[in-house]
Amino acid sequence: MACGVGIQFLAERFPHKPVFPGVDTTGLAVNQAVGWYEERCKSCGRCVLAMTGGICPVTMCAKGLYNGPCGGTNKGSCEIDPDQPCAWYKIHERLSQQGRLDLIMDITEAVDWNDQVPRTLIQPGYEKTEKAQDN
Ligand code: SF4
């Protein structure tokens with residue numbers, strides 16, 4: 001009964017035992033109501049929420065665009081699914097409300113999508129440990 005991380009962690013430690021996931025993790029979501037979850041984070045490691053008024057352009061934009069809307073945004077709706085708000089419309093709206101619209105002109109570097117191998121993070125204080133030196 002864990003996300004995929006917990007299942008894999010145990011599978012590595014007990015390689016001769018089969019593992020049976022009890023849940024099927026679909027994402028990092030907010031709980032809008034009982035049994036109703038909406039994905040908000042993809043754990044991308046490139047968090048820009050401070051510049052986008054707390055609205056994630058990776059999860060909330062169908063194309064995961066970091067630097068403003070595509071040409072298909074239409075009266076606040078997304079071209080991919082008109083029932084969904086355009087993330088960049090919402091970001092513009094939010095930053096306007098906060099008087100921080102200048103932030104929308106900041107350019108976020110292109111993401112290197114070639115770098116999609118499993119990431120390892122070692123906090124600076126632990127870099128000298130034996131396990132970290134193996135990596
Ligand atoms: S319309 Fe907006 S949310 Fe939809 S893909 Fe384009 S920028 Fe992203």
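Which residues make up the largest nonpolar core?

**Figure 1. The largest nonpolar core of the predicted model.** This structure is a predicted model. The largest nonpolar core has 10 residues. They are Ile55, Cys56, Val58, Met60, Cys61, Cys78, Cys86, Ala87, Trp88 and Ile91. In soluble globular proteins, nonpolar side chains tend to be buried together. Look also at valine 58, a member of this core. Beyond its neighbours within four places in sequence, valine 58 touches Lys42, Cys44 and Gly64.

**Figure 2. The shell around the ligand.** The ligand is surrounded by 14 residues. The closest are Cys61, Pro69, Cys70, Cys78 and Cys86. Cys61, Cys78 and Cys86 also belong to the largest nonpolar core. What kinds of residue form the shell? It divides into 10 nonpolar, 2 polar and 2 charged residues.

**Figure 3. The protein chain and its elements.** The protein chain holds 3 helices and 2 strands. Read from the N terminus, the order is α-β-β-α-α. The radius of gyration is 19 Å, well over the 14 Å that the globule rule gives for 135 residues, so the chain is more spread out than a compact globule. Along its principal axes, the C-alpha trace spans about 55 × 40 × 25 Å. Of the 135 residues, 10% count as buried. Now take the contacts between residues at least 6 apart in sequence. Of these, 28% join residues at least 24 apart.

**Figure 4. The two assigned domains.** The domain assignment gives domain 1 as residues 1-41 and domain 2 as residues 44-110. How far apart do the C-alpha centres of domain 1 and domain 2 lie? The separation is 28 Å.

**Figure 5. Glutamine 97 in helix H2.** Find glutamine 97 in helix H2. Is glutamine 97 buried or exposed? Glutamine 97 counts as exposed because it has 10 C-beta neighbours inside 10 Å, and a residue is exposed at 12 or fewer. Alanine 87 sits 10 residues away along the chain. The C-alpha atoms of glutamine 97 and alanine 87 are 15 Å apart.

**Figure 6. Alanine 110 in a loop.** Where is alanine 110? Its place is the loop between helix H2 (87-97) and helix H3 (130-134). Alanine 110 is exposed, with 8 other C-beta atoms within 10 Å. In the domain assignment, residue 110 is also the end of domain 2. Leucine 65 is 45 residues from alanine 110 along the chain.

Conventions. Residues are numbered from 1 along each chain as its sequence is written. This is a predicted model: local features need pLDDT of at least 70, side-chain atom pairs count only at pLDDT 80 or more; totals for chains, interfaces and linings use all residues. A residue is near a molecule or strand if its C-beta atom, placed from the backbone, lies within 6 Å of it. Ala, Val, Leu, Ile, Met, Phe, Trp, Tyr, Cys and Pro count as nonpolar, Asp, Glu, Lys and Arg as charged, and the others, Gly among them, as polar. Domain bounds come from an automatic or database domain assignment. Helices (H or I, at least four residues) and strands (E, at least two) are DSSP runs, numbered from the N terminus. A residue is buried if 20 or more other C-beta atoms lie within 10 Å of its own, exposed if 12 or fewer, and partly exposed in between; C-beta atoms are placed from the backbone. A nonpolar core is a set of buried Ala, Val, Leu, Ile, Met, Phe, Trp, Tyr and Cys residues joined through C-beta atoms within 7 Å. Two residues are in contact if their C-beta atoms, placed from the backbone, lie within 7 Å. The radius of gyration is taken over C-alpha atoms; the globule rule is 2.2 Å times the number of residues to the power 0.38.
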